[in-house]
Amino acid sequence: MAANGQRVGFLGPPGTYSEEVTKNLFGESARLTPFGSIDLAMRAVAGGEIPQCVVPIENSLEGSVNATLDTLAHEVELFISREIVMPVRHNLLAREVGRDIRLVLSHPQALAQCRRTLSRLYPAAELRPVDSTAEAARRVAEGEQGMAAIGSRSAATLYSLALVAADIQDTSSNCTRFVTLQVQPLDSRLPGRWKTSIVCQIDGSRPGSLYHILAEFAEREVNLTKIESRPARTGLGAYLFFLDMEGGVGEARIKAVLEAVERRSLWFKNLGSYLMLDWNR
């Protein structure tokens with residue numbers, strides 16, 4: 001938990017799911033600081049403006065949040081310290097119930113997570129992405145009739161909007177994984193369930209390069225929970241691999257596999273060992 005008065009950044013404005021997660025993690029004693037984008041929140045931590053931030057990194061329907069992965073890999077030197085998975089319940093919000101809806105605003109991920117439901121309810125409505133679900137709610141509150149936002153119930157309360165439709169996500173299992181980021185790695189002696197994330201670039205011109213990387217995990221019986229590729233930004237056909245594994249760097253087998261993968265990589269970055277926390281609301 002955060003100490004009294006500690007600043008924690010999140011994707012704003014107030015009323016986002018990121019704010020709800022941040023309150024869940026740090027309680028009411030922390031001073032929550034909203035930022036206009038994910039990368040701005042992360043850069044504020046890297047630049048020493050705030051000690052840590054909370055950002056989304058993966059959704060069960062739409063996959064990874066690329067802005068988070070790309071900024072972690074290319075732009076900042078930060079470590080993941082905690083992760084928590086939030087069940088996401090999207091709602092359609094408008095100034096009044098019963099009006100025809102011609103335009104729906106929300107964060108791109110939220111729009112994607114509700115695509116089928118929206119096409120059924122409002123097939124003629126335009127879907128327009130904005131920076132956050134709360135920003136969508138704010139614009140609808142200040143905008144014209146015929147606009148609606150996808151957002152949380154707290155956003156509806158905050159911006160005095162009516163709940164047009166509840167639970168409009170395309171599947172009931174919709175959830176988003178959030179992580180906290182800080183400059184220093186977490187103390188590996190802390191008790192709890194641990195996970196470790198890395199990103200590396202391998203020599204794609206050599207047959208079996210990825211196989212040999214994965215073999216390092218298999219030989220040590222380290223379970224990979226995720227593997228994903230992203231462009232390395234060095235040329236067409238060059239990719240980075242993001243890998244998540246069970247266990248923390250305090251374990252000998254995790255330390256050994258990290259050293260082995262680094263030796264086999266053209267480029268390697270440890271994104272940190274971190275605690276896995278349970279959603280408690």
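This is a predicted model: local features need pLDDT of at least 70, side-chain atom pairs count only at pLDDT 80 or more; totals for chains, interfaces and linings use all residues.
User: Which residues make the contact?

Analyst: From α2 you have Ile 38, Asp 39, Met 42 and Arg 43, while α3 brings Ala 67, Thr 68, Thr 71, Leu 72 and Glu 75. Sort the residues of this contact by type and you get four nonpolar, two polar and three charged.

User: Okay, now the sheet. What is the order of the five strands?

Analyst: Go across the open sheet and you read β8-β7-β9-β6-β10, with mixed pairing. β8 (126-129) and β10 (162-166) each have a single partner strand, so one side of each has no neighbour in the sheet. From one strand to the next, the twist averages 30 degrees.

User: How many bridges join β6 and β10?

Analyst: Four, and the two strands run in the antiparallel sense. As one example to look up, Ala 94 has Ala 162 in β10 as its bridge partner. Helix α6 (residues 133-142) also packs on this sheet, where it touches β6, β7 and β9. The direction of α6 makes about 155 degrees with that of β9.

User: Last one: is Thr 22 buried or exposed?

Analyst: Thr 22 counts as buried because its relative accessible area is 0%, and the cut-off is under 20%. You'll find Thr 22 in helix α1 (residues 17-26). Beyond its neighbours within four places in sequence, Thr 22 contacts Val 8, Phe 10, Gly 27, Leu 32 and Val 54.

Note on methods: Residues are numbered from 1 along each chain as its sequence is written. Side-chain values use heavy atoms; hydrogens and water are left out. Buried means under 20% relative accessible area, exposed over 50%, partly exposed in between (1.4 Å probe, protein chains only). Contact means heavy atoms within 4.5 Å. Ala, Val, Leu, Ile, Met, Phe, Trp, Tyr, Cys and Pro count as nonpolar, Asp, Glu, Lys and Arg as charged, and the others, Gly among them, as polar. Two strands pair if DSSP finds at least two bridges between them. Axes are lines fitted to C-alpha atoms, for helices over the stretch in contact, and angles run from 0 to 180 degrees between N-to-C directions.
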